[in-house]
Amino acid sequence: MKSGLGLLVLVSSLAVAVPALAQDEGFEEAGAEDSGAAAPAGALSSRSWYVSPMASYTMADKERGTDDGFGGVIGIGKKVTDGMALELTGFYTQLDAEDGDGSAKLTGAGVSALISPFNSLPNLYTVLSLATGSTKDAPGLITDYRETFFDIGLGYLLPISQRILLRAEARYRTDEHDRKEAGDDPSTQDKAFTDGVINLGLLFPLGTVAAPAPEAPAEVVEAAPVEAPVDTDGDGVADASDTCPDTPAGTAVGPDGCPLDSDGDGVPDAIDECPKSPPGSKVLANGCALQGDCRTPRAGEQVDENGCAVEQKFILKGVKFEFDSDRLTPEAMEILNEVAGTLQAYPDVKVELQGHTDSLGSDAYNQGLSERRAIAVKTYLSGREVAADRMTPAGYGESQPIDSNDTEEGRENNRRVELKVLE
């Protein structure tokens with residue numbers, strides 16, 4: 001007898017064990033940012049709800065007395081943890097009789113758990129499903145009966161646009177009908193059928209990506225001796241003489257209590273990548289002028305005889321995009337307004353605008369996304385009166401990481417826009 005008891009035990013065990021294996025990023029962006037793709041995989045990222053219609057093909061148990069057949073599935077799901085989504089599922093299948101006219105109609109509704117167990121394959125998931133339903137007009141002595149369906153299988157999500165994902169599944173199904181007379185051969189005394197099911201369709205995320213709330217900076221309060229002057233920010237300059245009383249802890253300051261700015265370009269030394277810019281130069285937010293400046297080299301970069309980075313390439317920090325999109329954030333637009341002002345100060349300088357992504361998602365998807373983002377930056381700067389023929393957009397996908405892709409912080413650093421001065 002084919003019983004669903006063993007499968008039910010397996011489903012229960014996996015439902016407890018597999019989420020414990022999934023890491024915090026198991027259902028994060030793929031293809032995307034970046035790539036993309038979430039619950040139930042990287043492709044959905046932080047989107048909570050989705051709807052998923054699919055077509056299905058059922059390889060029917062030979063004891064049903066039917067041929068294989070086609071049907072449809074509809075699922076409405078919600079991300080419940082970083083590694084799992086739950087969905088309500090309904091399905092319909094029609095199986096034509098193997099001999100004679102007529103066809104069996106199977107309908108069912110239930111719940112499914114979609115679990116992503118591997119960080120390295122965030123769009124691959126295990127599906128576990130329990131449903132109740134009925135069969136009508138089946139061949140054999142019993143034509144109509146109720147049943148319980150148990151499914152276990154594997155699925156994959158493939159982002160094909162910002163709002164559409166391709167979904168494919170292979171399932172092993174046990175149909176517990178508890179009627180020995182069901183099917184075309186009652187002599188088997190079997191209370192269950194076993195079928196193979198292939199589902200293929202689309203998944204549509206609902207809503208928008210919620211940006212994480214910024215963390216409030218920790219307040220640093222240092223106690224001072226009663227006899228000593230009050231120094232609220234602890235920078236060594238008493239509040240009575242401190243022109244910048246809220247200087248971040250650890251920042252080097254001058255006699256007035258303000259962050260040091262050795263070259264007077266308005267960018268504090270602590271974040272100035274070019275601390276010796278020519279007097280009066282118009283600089284980027286990192287303190288570097290586009291011509292005649294000396295950028296402090298990063299680890300592994302080539303340097304010239306003066307100890308300056310050979311390649312004049314600057315990260316446009318803070319230029320970010322909406323999730324899995326080439327739409328600039330409001331903060332990014334404010335930064336690019338300043339970049340436009342710097343470019344206008346050097347009308348003869350030509351630049352390459354480079355888009356970079358992290359490694360989540362396919363190489364091809366990330367390459368296309370980085371190109372679209374580079375073009376979006378050029379389009380915005382062109383609208384700020386920077387000549388378009390001075391700017392060349394280029395996408396490098398995930399090919400030039402500057403940090404590890406194994407952590408969220410590293411992936412965040414790799415998702416960036418760079419400005420390179422062309423010779």
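The exercises below concern helix packing and the nonpolar cores in a predicted model.

**Exercise 1.** Describe how helix α2 packs against helix α3.

Solution.
- Locate the helices: α2 covers residues 330–344 and α3 covers residues 363–382.
- Take the geometry: the two pack at an angle of about 65°, and their axes lie 10 Å apart. The crossing is right-handed.
- List the contacts: from α2 come M333, L336, N337, V339, A340 and L343, and from α3 come V377, Y380 and L381.
- Sort these residues by type: eight are nonpolar, one is polar and none is charged.

**Exercise 2.** Compare the span of α3 with the expected value, then find which residues of α3 are buried and what covers them.

Solution.
- From first C-alpha to last, the 20 residues of α3 reach 29 Å, close to the 28 Å expected at 1.5 Å a residue.
- Buried means under 20% relative accessible area. The buried residues of α3 are Y365, N366, G368, L369, S370, R373, A374, A376, V377 and L381.
- Their cover includes α2 and the strands β6 (145–159), β10 (351–356), β11 (391–395) and β12 (416–421).

**Exercise 3.** Which residues of the largest nonpolar core touch the most other members, and which elements supply the core?

Solution.
- The core has 29 residues, and L290, L343, V377, L381 and L419 touch the most other members.
- At least two residues come from each of α2, β10, α3 and β12. The largest share, five residues, is from α2.
- Apart from this core lies another, of 14 residues, including A60, A104, A131 and F149.
- As background, nonpolar side chains tend to be buried together in soluble globular proteins.

Technical notes:
Residues are numbered from 1 along each chain as its sequence is written. This is a predicted model: local features need pLDDT of at least 70, side-chain atom pairs count only at pLDDT 80 or more; totals for chains, interfaces and linings use all residues. Side-chain values use heavy atoms; hydrogens and water are left out. Axes are lines fitted to C-alpha atoms, for helices over the stretch in contact, and angles run from 0 to 180 degrees between N-to-C directions. Helices (H or I, at least four residues) and strands (E, at least two) are DSSP runs, numbered from the N terminus. A crossing is left-handed if the near helix is turned anticlockwise from the far one by less than a right angle, and right-handed if clockwise. Contact means heavy atoms within 4.5 Å. Ala, Val, Leu, Ile, Met, Phe, Trp, Tyr, Cys and Pro count as nonpolar, Asp, Glu, Lys and Arg as charged, and the others, Gly among them, as polar. The expected span of a helix is 1.5 Å times one less than its number of residues. Buried means under 20% relative accessible area, exposed over 50%, partly exposed in between (1.4 Å probe, protein chains only). A nonpolar core is a set of buried Ala, Val, Leu, Ile, Met, Phe, Trp, Tyr and Cys residues joined through side-chain atoms within 4.5 Å.
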